[in-house]
Amino acid sequence: MEKSLTELDEIVELSYLYDFYGALLKENHRLIFEDYVLNDLSLAEIAREREITRQGVYDIIRRCRIRLRDYEEKLQLVHKFQMTKDKLQEIERIVREETEGETTGRITRLAQEIYDII
């Protein structure tokens, strides 16, 4: 079954949220969420594998979505990460427009170091 653009956007959003906040979920919930979002398993496949109902899987995934979005609303880590990436891209764009070699090289290296950190 092909996923719609909206579903894919949500999967991307949930993947980012999971990258930042997944460790805060209960281990069992985290594993089920990973199977659904990252491993692209269906509710039925997860239910069969975990020996729980399809509705149980759905409820866990729904609660994980709510928790992850709640963490982001409070902490804004994904938002800050994206803003940092945007600012670094702007720095790189400005550096590409400049012609002073040594300075632009140093700035480019610093930007890369920041990318590696985040």
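A residue counts as buried when its relative accessible area is under 20%, as exposed when that area is over 50%, and as partly exposed in between. Keep in mind that this is a predicted model. With those cut-offs, Glu-10 at 24% relative accessibility counts as partly exposed. Arg-65, at 15%, counts as buried.

**Helix H4**

Helix H4 runs through residues 54-75, which makes 22 residues.

Which residues of H4 are buried? They are Val-57, Ile-60, Ile-61, Cys-64, Arg-65, Leu-68 and Glu-72. Looking down the axis of H4, you would find these buried residues within an arc of 140°, so they line one face of the helix. On the face turned away from that buried side, H4 carries the exposed residues Ile-66, Glu-73 and Lys-74. Just after H4 comes Gln-76, which takes a positive phi of about 60°.

**Salt bridges**

Side chains of opposite charge can pair when their charged atoms come close. How many salt bridges does a search of the whole structure find? The search finds seven. Here are three of them, with the distance from N to O:

| Salt bridge | N to O distance |
|---|---|
| Glu-10 and Arg-65 | 2.9 Å |
| Glu-10 and Arg-69 | 3.3 Å |
| Glu-49 and Arg-50 | 3.9 Å |

Let's take the pairs in turn. The side chains of Glu-10 and Arg-65 meet in a salt bridge. Glu-10 lies in helix H1 (residues 5-21) and Arg-65 in helix H4, so this pair ties together parts that are 55 residues apart in sequence.

Glu-10 also forms a salt bridge with Arg-69. That pair links distant parts of the chain too, with Arg-69 in helix H4 and Glu-10 in helix H1, 59 residues apart. Arg-69 has a relative accessible area of 31%, which means that it is partly exposed.

In the remaining pair of the table, the side chain of Arg-50 meets that of Glu-49. Arg-50 has a relative accessible area of 28%, so this residue is partly exposed.

Which residues are linked in a network of salt bridges? The network is made of Glu-10, Glu-13, Arg-65 and Arg-69.

Methods: Residues are numbered from 1 along each chain as its sequence is written. This is a predicted model: local features need pLDDT of at least 70, side-chain atom pairs count only at pLDDT 80 or more; totals for chains, interfaces and linings use all residues. Side-chain values use heavy atoms; hydrogens and water are left out. Helices (H or I, at least four residues) and strands (E, at least two) are DSSP runs, numbered from the N terminus. The expected span of a helix is 1.5 Å times one less than its number of residues. Buried means under 20% relative accessible area, exposed over 50%, partly exposed in between (1.4 Å probe, protein chains only). The arc is that of the directions from the helix axis to the C-beta atoms. A salt bridge is a side-chain nitrogen of Lys or Arg within 4 Å of a carboxyl oxygen of Asp or Glu.
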